[in-house]
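Reader: I have a new structure open and would like to go through it piece by piece. Can you take my questions as they come?

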Amino acid sequence: QVFKYYKREMMTITFVAALWPVAEYTCFVWLPTFESKLKENPDPKAPFIITPICMFIQAAVMPVFGFLVDKTGPSRVIITSALLMAIFSPPLFIWLSSCNDYDCILPQSMFSILTAAFGSALPVTLCDAFPAEIRYTGIAFSYNAAQVVFGGTAPIIATELVVPGKPFLPGLYLSVVAIITVVATLVLPTVILFTRDSLLDVKGHIHRNSADSLEQEHLELRTI
């Protein structure tokens, strides 16, 4: 049923969720490698201390953004955090490439806050996109598709974008994915309404056909 009637939702949710794996893999998995090996003045120790601290910051502020999601709705939080990610990712990567030792905790903690805002709103959006009877299947396929396609390739793409003299390029990739997420989030309500209207038409057609069949059976019975 989910593949027959909810293909549009699954595709749209894949793009809505795309920013989460890209941001997580880039900012918390790949970034320590960037800071310790790939940037011009690498630090072999500090990034592996900074990253757990920033992940703790992310976890600590998530309930605050969860409260904000309850008050304003998930779409606003997703769009706002994704737009801020799109705007600030390139300059934050410039900052990360030039800072030394533990100074990098400041730009990386900003990524923690932005990803926490986005991550607190995403689960609600995923659940709202599908009716209860096919919710597990719809979320499983669309969310994991985002993890595979966008998250799985994020470290490779970020590494290829490390070019001397252009430290903003990995951040620019984050910006592109963030814009994709914003567009998909804006389109999602229309996609959901379109599918629901289509299903109502299908159900109405089935009911009409059933009524016609019953009437035909009654006529046949009368003639016997």
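Reader: Which hand does the link of C99 and C104 have, right or left?

Author: This is a predicted model, and in it the link of C99 and C104 is right-handed, with 105° about the S-S bond. The two sulfur atoms of C99 and C104 are 2.2 Å apart.

Reader: How many disulfides does the structure hold, then?

Author: The structure holds one, the one that joins C99 to C104.

Reader: Is C99 buried or exposed?

Author: C99 counts as buried because its relative accessibility is 6%. C104 is buried too, at 1%.

Reader: And why does C54 count as buried?

Author: Because its relative accessibility is 0%, and buried means under 20%. C127, on the other hand, is partly exposed, with a relative accessible area of 32%.

Reader: Stepping back, how many helices and strands does the chain have?

Author: Nine helices and zero strands. From the N terminus on, the elements simply run α-α-α-α-α-α-α-α-α.

Reader: How much of the chain do buried residues make up?

Author: Buried residues make up 44% of the 224 residues in the chain.

Reader: Now the helices. How far does α5 reach from its first C-alpha to its last?

Author: Helix α5 covers residues 74–98, which is 25 residues, and reaches 35 Å. That is close to the 36 Å expected at 1.5 Å a residue.

Reader: Where in α5 does the kink lie?

Author: At F88, shortly before the proline P90, and the kink is about 45°.

Reader: What does α6 look like on those two points, its reach and its kink?

Author: Helix α6 takes in residues 105–128, has 24 residues and reaches 35 Å, close to the 34 Å expected. Its kink of about 30° lies at L122, shortly before the proline P123.

Reader: Different topic: empty space. How does one find where it is left?

Author: By rolling a probe the size of a water molecule over the atoms.

Reader: And how many cavities of 30 Å³ or more does a search of the whole structure find?

Author: One. The largest cavity has a volume of about 30 Å³.

Reader: Which residues line that largest cavity?

Author: The lining is E35, K39, D43, A46, P47, I50, D101 and C104. By class, that gives four nonpolar, no polar and four charged residues. C104 in this list is also a partner in the disulfide with C99.

Reader: What about the largest pocket, how much space lies in it?

Author: About 160 Å³. The largest pocket is lined by 13 residues, and E40, V162, V163, P164 and P167 lie nearest its centre.

Reader: How does the lining of that pocket split by class?

Author: Eight residues are nonpolar, two are polar and three are charged.

Reader: Last one, L186. Which helix is it found in?

Author: L186 is found in α9, which covers residues 169–223.

Reader: Is L186 buried or exposed?

Author: Exposed, because its relative accessible area is 54% and the cut-off for exposed is over 50%.

Reader: How far apart are L186 and V16?

Author: They are 170 residues apart in sequence, and 9.3 Å apart in space, C-alpha to C-alpha.

Key: Residues numbered from 1 in each chain as written. Predicted model: local features only at pLDDT ≥ 70, side-chain atom pairs only at ≥ 80, totals over all residues. Heavy atoms only, no water. 1 Å grid on protein atoms, 1.4 Å probe; cavity = no way out; pocket = protein on both sides within 12 Å on 5 of 7 lines; lining within 4 Å. Points joined across faces, edges and corners; volume = space filled by probe spheres on them. Nonpolar A, V, L, I, M, F, W, Y, C, P; charged D, E, K, R; others polar. Helix = DSSP H or I, 4+ residues; strand = E, 2+ residues; numbered from the N terminus. Expected span 1.5 Å × (residues − 1). Bend = angle between axes of the 7 residues up to and from the residue. Disulfide = S-S within 2.5 Å. Buried < 20%, exposed > 50% of the residue type's maximum accessible area, 1.4 Å probe, protein only.
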